[in-house]
Amino acid sequence: MVRLAVVGLGKMGLSHLAMITAHPNVAVAAVCDATGYVLDVLNKYTGVKPYTDFDAMLREVELDAVIIATPSSMHAKMVKSALEKGLHVFCEKPFCLDTKDGEEVTRLAREGGLVNQVGYHNRFVGAFQEVKRLLDAKAIGEVTHVLAEAYGPVVLKPKGSTWRTQSAEGGGCLYDYAAHPINLVNWYFGAPQGVGGTILNKIFSKETDDEVFGTLYYADGKSAQISVNWSDESYRKMSTKITIWGTAGRIYADRQECQVYLRDTATVPPGYQQGWNVRYTTDLTEPVWFYMRGEEYSAQLDHFVRCIEEKRIENVNSFESAVATDKVMAMMIADAAKGPSLKSDDALPHAPKKRWNFLFGGR
Amino acid sequence: MDRLLFGDNQFFGVNHMSEEKARAQSMRFQDIRAVIDVLDTAYDEGIKTFMCTTHDRIAQICDHWRANPARYKDYEFFPCMPYAHKYANAMTDYGMLGAIKRFLPDEGFLDAAMRGGMSLAKKDIEGVTTLLIDAEMKMFQGLKTPVIFLQNVVVDMLLGLNFKEAFRIFANHVKARYDAEPGFITMNMPRLLDALEELGIENPIVCSNINKIGFRMCGGFEAYERALKEKRFRAIAMSVFASGAIPPREAIEWVCRQPNIESIVFGASSRGNIRNTKELVDRCWPAAPASAL
């Protein structure tokens, strides 16, 4: 039995709590939240032990692991305290707003031999895992370009302030939405060499961004475009999608399906054919012990528990990979602040003059 | 309960296979008239129960039904509440308490204010829950709602949290106030049945995925088979086609062979698909279900 506590009981925290409470190999020993009210209701009706003080909980309750689902600005300090107590940590995304903090806790986790994982659940979505398998098999040859998108209806009008509306707290479209496609791109292709052309634009929010666009550059000439907007009401709920062009084909994937076009030059993987292939979530999804909101949420928690049981430090969505995602976002923020790389009144280089070749004709 | 119930996923851009299909459906059913036309088609094919969320747009459908009582005299609605997105979004924006406050009726009777306000203050979930149920049921006033469902996102969250008392509160209120049977939608049927049994909720109506390939049947295929054989409950099968992964005939033939299933809920947009499903069910399920005898 893994003895575990859940910290932060917002939307994600409550979901995690429900799923992990139902896990056959986990005993939830305590919950912690700043709001006493939610805690009292939970304690009254479910009997779970409530804490408003995180440090007091760490002192008083015997634990193996914690799930931290507080606002991102609080992650670094809480993760550090938990690691110093020798606890395995699952932390919500985005991981740490300051990448130095992220690196420090990554080091602490490694030195302590502790399981560490961040809640980028898309890596547990069957269709996105299929993309990874196809890329590793070089099914579409050399990848040249990627389009990673996420759209959904979160901020649809100017409105009141919560932590999610403030970038200093880890709110905003970049941290909340764009983090997911960026994390996927990092998983598929590693960290980019640089970023450019970043736009962090407000639509309705006063203090933070509602749309995020930008380019990620890779050493081998490949590039990725990020296109994210959380003020798009034409989507019923958050939709993350990825399109990848390669020399031998193209892959498109979202949570429901994976569409693959393979050219006649492609290395056709088993079960696939030249031309169009579609794999649906029903083929790609592994069953989970408990379902709520999507298999991927259960699967990532189950993976965390298994890593603890099997003492596996190398993990999917480790702190290290989450810090890599945080770094891309930090680069994008810095890039957006710079504005355009070339302005209309900058001196432009003259176009090279056409040289007329009398002998071989012009080209 | 009828054997075949009509579901509403297709009307609201929900498709578990393809976002493209979901979007095409959103476009087609943007005009509420298109939804009513499909419901009329289903009705004319003999499908007289609409199992629907408490989405704002359903209120327009209810208005149409109230305006044409003669046309729909034996029609039944099975409301499924709450419309989870509404609450989930409000929770993100206002926190849990703020979200609850937003949906409590703020106008009118003192009773509501007392029931809500006092309950919130006392951390007594019963008053708040019953008020929220009443708020969701308002749109169905004057229509037949013999079964009222709690949606799977909520059922499964409460189930996971071990917050079983809420099931009892829901069941009692639905029976007492609406003279209706409580129903529960879940993705974790065997586990839910255990919880309901423990609470003493007898012979409950439980709607869950039941399909030949075991798609989203959490707890495992065998546990579902065992539950259908051994437990006393009124099963409604949903997702019998596993989002289109199983051909219709194969899917229906299999489901109809399973013991203890009282109804199938399905969604369709065309007369052809509605008629095919109805014919398949009539053919594969010739005897009336046990509870109707």
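In what follows, Lys and Arg count as positive and Asp and Glu as negative, while His and the chain ends stay out of the count. With that in hand, chain A carries 40 positive and 43 negative side chains, and the centres of those two sets sit 4 Å apart. Keep in mind that this is a predicted model.

**Chain A overall**

- Chain A is built from ten helices and 14 strands.
- Its C-alpha trace stretches over about 90 × 50 × 45 Å along the principal axes.
- The radius of gyration of chain A is 23 Å, which agrees with the value near 21 Å that a compact globule of 363 residues would have.
- Of the 363 residues in chain A, 56% count as buried.
- Take the contacts in chain A with a separation of 6 or more: 68% of them come from residues 24 or more positions apart.

**Where chains A and B meet**

- On one side 38 residues of chain A take part, in contact with 44 residues of chain B.
- Together the two chains bury about 3800 Å², with 60% of it on carbon and sulfur atoms.
- Three names to look for here are A:Tyr37, A:Tyr45 and A:Arg236: they supply 19% of the area that chain A buries against chain B, more than any other three residues.

- In chain A, the peptide bond running from A:Lys93 to A:Pro94 is cis, with omega near -20 degrees. You'll find A:Pro94 in the loop between β5 (88–91) and α5 (99–112).
- Chain B has a cis peptide bond between B:Met81 and B:Pro82, where omega is about -10 degrees. B:Pro82 belongs to the loop between β3 (76–81) and α4 (84–103) of chain B.
- A:Lys311 isn't a glycine, yet its phi is positive, at about 50 degrees. This residue is in the loop between α9 (295–309) and α10 (319–338) of chain A. Its relative accessibility is 70%, and exposed means over 50%, so A:Lys311 counts as exposed.
- B:Ser239 isn't a glycine either, and has a positive phi of about 55 degrees. Look for B:Ser239 in the loop between β7 (234–238) and α11 (248–257) of chain B.

Methods: Residues are numbered from 1 along each chain as its sequence is written. Chains are lettered from A and ligands numbered from 1 in the order in which they are written. This is a predicted model: local features need pLDDT of at least 70, side-chain atom pairs count only at pLDDT 80 or more; totals for chains, interfaces and linings use all residues. Side-chain values use heavy atoms; hydrogens and water are left out. Helices (H or I, at least four residues) and strands (E, at least two) are DSSP runs, numbered from the N terminus. The radius of gyration is taken over C-alpha atoms; the globule rule is 2.2 Å times the number of residues to the power 0.38. Buried means under 20% relative accessible area, exposed over 50%, partly exposed in between (1.4 Å probe, protein chains only). Contact means heavy atoms within 4.5 Å. The place of a charge is taken as NZ of Lys, CZ of Arg, CG of Asp or CD of Glu. Buried area is the accessible area (1.4 Å probe) that two parts lose on being put together, summed over both.
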